[in-house]
Amino acid sequence: MRLPPRNPRNHSHQQRVLPRCFTEVMLRIANPARQLAPSLFVNGEKGSKAFDMFQAEMRVLLDEMKRRGPPPSGDHDIASQLYRAMAEHHEITEDRVLSEIGILFVEGFETTAPDFLFTLPLTPPPPDPARPHDGVDAAPRRTCPGVQDRVAEELDALGLLAKPGCPPPREMEFEDLRKLPYLVAVAKEAMRVLPVVSIMGRVTERLVRIGKFTVPPGVVVSTPLYAIHNTKHNWEAPQEFRPERWLDVPVETFVYNSQADASSTSGAGFAPGNKLAAAAAAAASREGITFMPFSDGPRSCVGQSLAKAEVITLLAKILGSFTITLAPEMGGLQGVLARESTHLTLQTRGTKGIRMHMTPRSEAVAGGAVCAPACA
């Protein structure tokens, strides 16, 4: 039961509405009274209207799902599963389903897009000899030229790379996600450098002591993920994009303590042989965590499994079919970062977005074939 694509005009409308919603969420976290009396705050009514418009978009999806009726028995996509849940459990209200659609839309799709988009500028190809500074950025944030070549080698070993003079590669399968450790390392390092959600909010249920501070129950506490992921106290050379930090960490690990074995350091700040134990320790203790792009605990990101699969699949398909370079007008990685803006999730200022050049890796890709004919 795949829902029909929205027309470009509606998509552009959603792109404007979502950032407004996320900005409003951050402002309401800072001042809960904003939700009760939006007219008393700057742009409060505008933020409330953005929420209403987003809810209306989700209602369109729900109405379309209901209009189509029962899905075929072999259809197991998200819309089909939601329809079955409503049909089998009458206590589930439409408002509850609308909430689920909205959460899945934001957590599994809206966050995935900027995550994927901001990863690409961090992975430039090797510099062009004719342009020594092409694709390479100076401090404070350094990229890692050659990442795309190494990703290509990994994809080629699995038959997923488009190559000149060769037939299109096979289609990617779900099992391939666990067979791409370097690509997963690239994705994790991008999530460390630029977490798509930079702050996590929680409400204390009991008296909590944090260092020299005492926090009473019922207080909203924010965890600054960007700071945790980018401080020199947690990571060696945090300003550098180093996928190699993650090569000895299990591909499924997205909660990690980089300082679990600070007494024996390597390039990533811990001994390679201890990374598996460090990952397990961080997940079990929930103390000393230095990497958690999807948060942790019972209220961690509900769409993280979908988001992880989407990001890895998108990177594999795009980098396996094209060589990516930033468009000159972006001003290199530093120009991209200058346009970075966080409104609950990672965004870009203005309407330019992140412009890139995509060079097909093969004649087949240039002709529109990105996988074998049987899969197309």
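**Note on the predicted model**

1. Helices H8 and H11 cross in a right-handed sense. The model under discussion is a predicted one. Helix H8 spans residues 181-193 and helix H11 spans residues 304-321; their axes come within 10 Å and cross at roughly 115°.

2. The residues at this crossing can be named on both sides. From H8, Leu-183, Val-184, Ala-187 and Met-191 take part, and they meet Val-311, Ile-312, Leu-315, Ala-316 and Leu-319 of H11. Sorted by class, the contact of H8 with H11 comprises nine nonpolar residues, with no polar and no charged ones.

3. As for the chain as a whole, the protein has 13 helices and eight strands. Its length is 376 residues, and 44% of them count as buried. The accessible surface of the protein chain comes to about 19,700 Å², and carbon and sulfur atoms hold 58% of that area. Among contacts in the protein chain with a separation of 6 or more, 69% are between residues 24 or more positions apart.

4. Arg-34 deserves a separate point. This residue belongs to helix H2, which covers residues 33-36. Is Arg-34 buried or exposed? Arg-34 counts as buried, because its relative accessibility is 6%, and the limit for that class is under 20%.

5. The surroundings of Arg-34 can also be listed. The side chain of Arg-34 makes a polar contact, at 2.8 Å, with the side chain of Glu-24. Leaving aside residues up to four places away in sequence, Arg-34 touches Glu-24, Leu-27, Arg-28, Phe-41, Val-42, Asn-43 and Gly-44.

6. Asn-43, one of the residues touched by Arg-34, sits in the loop between H2 and helix H3 (44-68). Asn-43 is not a glycine, yet its phi is positive, at about 60°. For context, most residues other than glycine have a negative phi.

7. Ala-237 is another non-glycine residue with a positive phi, here about 45°. Ala-237 lies in the loop between helix H9 (225-230) and H10. With a relative accessibility of 18%, Ala-237 counts as buried.

8. Where is Cys-301 found? Its place is the loop between helix H10 (275-285) and H11. Cys-301 is buried, since its relative accessible area is 15%. Cys-301 and Ile-103 are 198 residues apart in sequence, while their C-alpha atoms are 9.6 Å apart in space.

Terms used. Residues are numbered from 1 along each chain as its sequence is written. This is a predicted model: local features need pLDDT of at least 70, side-chain atom pairs count only at pLDDT 80 or more; totals for chains, interfaces and linings use all residues. Side-chain values use heavy atoms; hydrogens and water are left out. Helices (H or I, at least four residues) and strands (E, at least two) are DSSP runs, numbered from the N terminus. Buried means under 20% relative accessible area, exposed over 50%, partly exposed in between (1.4 Å probe, protein chains only). A polar contact is a pair of N or O atoms within 3.5 Å; within protein, one must be able to donate a hydrogen and the other to accept it, and residues adjacent in sequence count only if both atoms are side-chain atoms. Contact means heavy atoms within 4.5 Å. Axes are lines fitted to C-alpha atoms, for helices over the stretch in contact, and angles run from 0 to 180 degrees between N-to-C directions. A crossing is left-handed if the near helix is turned anticlockwise from the far one by less than a right angle, and right-handed if clockwise. Ala, Val, Leu, Ile, Met, Phe, Trp, Tyr, Cys and Pro count as nonpolar, Asp, Glu, Lys and Arg as charged, and the others, Gly among them, as polar. Accessible areas come from the Shrake-Rupley method with a 1.4 Å probe; for residues, only the protein chains shown count as cover.
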